[in-house]
Amino acid sequence: MQAAVLNTLGKPPRFDEFPEPTAGEGEVLVNVLAAALKPVDKQMASGSHYGSPRKLPVICGTDGVGRLDDGTRVFFAAARRPYGAMAQRTVAPRSWCFPVPAAIDNVTAAALVNPGMSAWLTLTGRAQIAPGECVLILGATGITGKLAVQIAKLRGAGRIVAAGRNEEALSALRNLGADATIQLDKPKQDLTDAFVREAGDTGFNLIIDYLWGPPTEALLAAITRADMSAKSSRVRLIEVGESAGPSISLSAAALRSSGLEILGAGTGSVPSRDVILDAYNQLMDLAAAGHLHIDTQQVPLSEVEDAWERQVRHRIVLVP
């Protein structure tokens, strides 16, 4: 069969022949219909991710949409190595194959689930978003950030402030639920002033942070108080990504002068399969009803090497 085969860490996979998979106990053979090309796929192939393969060659791709031998169309994850999602066929645990609603096409389903589940579980699980809250999303112009804006609105956020670098993408976010935007390519003090202005008198209740690094430091400066007055309101900062930097400088005053609480959302906070399945079903229901939007580009699997190197703001989906 044909697949996106990774032979060397740090180099793009090549469209090549690979042995056919055979399903083992508890597994199913999946005829792949679509597989999204995500940042985590590139990280694993580069060797920089803790989940990077130790033995090569392997097929790239962590999840996708396919059809089982009985005709059921499913979203699948956790393919058994050396098999992956970017192939004509793969094998996956039966327990990690979830039906896809008929109203959602293959490309949209393949693109939506990974970032959509990340945003959903962060907002509803780790962050415990409540109706009426003021939410700041750092990195709102990325794929997951855009979905976080939409999901926060659907979950009843009172006000959503979207922060990002791309001016055009920020403007589009107003149509997806953002009430205000902050452009991040400013000097640090100007950025801090912008955060202060948008926080207003009530402040941010919840911050979803896909950036970390300097933008987060500017935000922390904005919420650090310069007086000794009591402040009882909570500020939950959920650290999800680090696209702007892997570390920050955190002053004691930022914690002690405010109601700041910092939590992480990642593999260390992944809930049970039942919680994931419930979240998946809710996400798919919203998508099927047309309440979630994601920009996609369909690319033939045979062009995976070229697609791997593209710099795009939409989700590339590979189709065998």
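Helix H3 (residues 143–154) has 12 residues, which at 1.5 Å a residue should span 16 Å, and because its end C-alpha atoms are 17 Å apart, the helix agrees with that expectation; the expected span is 1.5 Å times one less than the number of residues. Helices (H or I, at least four residues) and strands (E, at least two) are DSSP runs, numbered from the N terminus. The model is predicted, so local features need pLDDT of at least 70 and side-chain atom pairs count only at pLDDT 80 or more, while totals for chains, interfaces and linings use all residues. Residues are numbered from 1 along each chain as its sequence is written, and side-chain values use heavy atoms, with hydrogens and water left out.

Of the 12 residues of H3, 10 are buried, so this helix is largely enclosed by the rest of the structure. Here buried means under 20% relative accessible area, exposed means over 50%, and partly exposed lies in between, with a 1.4 Å probe and protein chains only. The buried residues run from Ile 143, Thr 144, Gly 145, Lys 146 and Leu 147 to Ala 148, Val 149, Gln 150, Ile 151 and Ala 152. Their cover includes helix H2 (106–126), helix H4 (167–173) and helix H8 (273–288), together with the strands E9, E10 and E16 (315–319), where contact means heavy atoms within 4.5 Å. Just after H3, Gly 156 takes a positive phi of about 95°.

In H5, Leu 191, Thr 192, Ala 194, Phe 195, Glu 198 and Ala 199 are buried. They cover an arc of only 155° around the axis, which puts them on the same side of H5; the arc is that of the directions from the helix axis to the C-beta atoms. An α-helix has 3.6 residues a turn, so residues three or four places apart point the same way. On the other side of H5, Gln 189 and Arg 197 are exposed. The buried residues of H5 pack against strand E9 (134–138), strand E10 (159–164), strand E11 (180–183) and helix H6 (213–223), and H5 is followed by Gly 200, whose phi is positive, near 65°.

Within helix H6 is Ile 223, which counts as buried because its relative accessibility is 14%. Ile 223 and Val 196 are 27 residues apart in sequence, yet 7.3 Å apart in space from C-alpha to C-alpha. Leaving aside residues up to four places away in sequence, Ile 223 touches Val 235, Ser 258 and Leu 260. In the loop between strand E12 (206–209) and H6 lies Trp 212, a residue other than glycine whose phi is positive, near 60°; Trp 212 counts as buried because its relative accessibility is 13%.

Ala 78, in the loop between E6 and E7, has a positive phi of about 60° although it is not a glycine, and it counts as partly exposed because its relative accessibility is 44%. Pro 82 is found in the loop between strand E6 (73–77) and strand E7 (89–93), and a cis peptide bond with omega of about 15° joins Arg 81 to Pro 82. Another cis peptide bond, with omega of about 5°, joins Leu 56 and Pro 57, and Pro 57 lies in the loop between helix H1 (39–46) and strand E4 (58–59).
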